[in-house]
Structures are given as structure tokens and as C-alpha cells.
Amino acid sequence: MDILDITSSLCMVLCSTFGTICALIFIIIVLFHHQFHTITIVLAFNSAVAGLIINIICACQAIYQLKTDGNDILCSFRGFLLHAASGLLYQTLCVQTVHRLFVVVFAAQRYLRSKQVIVCITIFQWLLSITFGIPALILGRIVYQPGSRICQASLNDLIIFLYLSMFIYFCPVTIIISIYIRIVHFAKQRFVSTNIHQSVANQLRQRRELRFIRRLLAIAIVISFMSFPYLLFFLRAQFFPTTESLPYAQRVSFVSLSFGYGIWMYD
């Protein structure tokens, strides 16, 4: 193991530990303060649990890299957990965004904001997060990458890469952006259709909701930006398949992602 291996693994451990501590602090505060047991805070709690899981998994992966070459019987399963937990984090943001859509745009349909509906959506989100990566695991498409000492979908495997990316990044971010646009459009229509006395109160509430959605959108974009190295290496593998592969491509990508996950929990 050379100095780059050790440095990158230690960076992953440090970033993941920071994210784990931030997530635990938020979880403990919510658990022991009943005044925070609102739907909005509970959905944020859901994201914190997802953040705790992905940071713990990243830290464990980095520790395995420091101790061994990582190519053991559980390597593919750890790769599956990395994919599933990454998708889980984005998908919890989607649930928060959908709830804001119900609060702002469909305020008249009160049942959409009920605990029963939100619980059902959250359960579906968790089931989707747990199961979407199973086909890649069963088909043996999560393989060991010697250069990065990580089991992951190969950058040259176009079909499985796009399949996993759709669930982890593209669909969640698209949903968040679409809902943000819908709420902005609704707020503008509401402003035009209401009189001055009504719009003052409505504007304050709508601005608050827009700030909340904007924050979720900003978080998703930051993490997507942290995924940019991974995208670059993937495009290189697709457009220049005959060139020599970069041994540290996925390791650099996961250091960047670990940093993003840690910052996410701090935010």
C-alpha cells in the first residue's frame, strides 16, 4: 500500500467520521426533545438516519482498504451497500420535497399532509432504496476494482452504471428540481390571483417554503458536484475504451463523495 492509498483512505475515514458525528447529534436532539416531533423535522430525521448509514458504510469501506486489499467474500456486498445507501440519502430528500409540494401546492387536500400518507411514502422510499441495487448484486455486476481496492460497478459497464445512476442521482435530482419549479410557478400564480392583503401573509409563507426547497436543491446539487470526478472517469471509459484505465479513478471519486456526505450532515 502506497502513500496515496493510505492518504485517501484516511481522508474517507475522517470525512465519514465527521458526518457520522453530525448525524448522531441531530438524531439524539430529535429523539429527546418532543417539541421537534413534527412531520418536517421527522422527515429531516429520516435524512439524518440515511446520512448516518452512508457515512458509517464509507468509513467501514475505508478501514477495510487500510487493513486488507478489500477483495474478500463480502466485497460485492459492501459495494451493494454503498450504492443502496447513496440512493437512500437522495431519496430521503425527495420525500422532504414531496411533502413541501403537498403543503404549498396541494394545501386544500389536507389528507396528503397526514401522518398516514407521509409514513406510506417513507416506507415505499426505504423499500426502493433497499431493493434497487439487488439486480446488480445478483447478476455479479458489482466487481472488485484492483486499482481502487473497492467493489463497485465497473466504469466500462454502461448498462448497470446508467441503471444505478438513474436511481441514485438522476431520478431524485430531477424530482427535486421539478417540484421546485412547480412551487415557484404556483407561488407566482398565487401572487397574481390574490389581493394585496391576502398576498402579504401568503408571500411570507411561500417564501419560507421556497427557501426550504431551495436548500434541499442546493444540497442535492452540491453532492452531485462531488460526484463530478466519477462522471468524468465514466465518460473517459466510454469514449476512450482502448486507453489504459486509471487505477485511482474510483478511489478519488469516493474520497470526493465522502467529503460531500460529511458536509451534507453538517448542513
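Here are some questions and answers about this predicted model.

Visitor: Which residue forms a salt bridge with Arg-141?

Guide: Side chains of opposite charge can pair when their charged atoms come close. In this model, the closest N and O atoms of the pair are 2.7 Å apart, and a salt bridge calls for such atoms within 4 Å. The partner of Arg-141 is Asp-157.

Visitor: How many residues apart in sequence are the parts that this pair ties together?

Guide: Asp-157 forms a salt bridge with Arg-141. Asp-157 lies in the loop between β2 (150-153) and α6 (158-193), and Arg-141 lies in the loop between α5 (134-138) and β1 (142-145), so the pair ties together parts whose separation in sequence is 16 residues.

Visitor: Where is Arg-211, a member of the patch of positive charge?

Guide: On the surface, Arg-211 gathers with Arg-207, Arg-208 and Arg-214 in a patch of positive charge. As for its place in the chain, Arg-211 belongs to helix α7 (residues 196-226).

Visitor: Is Gln-91 buried or exposed?

Guide: Gln-91 has its place in helix α3. Leaving aside neighbours within four places in sequence, Gln-91 is in contact with several residues, among them Leu-128, Phe-132, Phe-167 and Pro-172. The cut-off for buried is under 20% relative accessible area. At 7% relative accessibility, Gln-91 is therefore buried.

Visitor: What distance separates the C-alpha atoms of Val-103 and Arg-113?

Guide: Val-103 is found in helix α3 (residues 75-104), and at 14% relative accessibility this residue counts as buried. Along the chain, Val-103 and Arg-113 are 10 residues apart. Their C-alpha atoms are separated by 6.7 Å.

Methods: Residues numbered from 1 in each chain as written. Predicted model: local features only at pLDDT ≥ 70, side-chain atom pairs only at ≥ 80, totals over all residues. Heavy atoms only, no water. Helix = DSSP H or I, 4+ residues; strand = E, 2+ residues; numbered from the N terminus. Buried < 20%, exposed > 50% of the residue type's maximum accessible area, 1.4 Å probe, protein only. Contact = heavy atoms within 4.5 Å. Patch = residues over 30% accessible without salt bridge, like charges linked within 9 Å, V, L, I, M, F, W, Y side chains within 5 Å. Areas by Shrake-Rupley, 256 points an atom, 1.4 Å probe, with all protein chains shown as cover. Salt bridge = Lys/Arg side-chain N within 4 Å of Asp/Glu carboxyl O. Lys, Arg positive; Asp, Glu negative; His and termini not counted. Charge placed at Lys NZ, Arg CZ, Asp CG, Glu CD.
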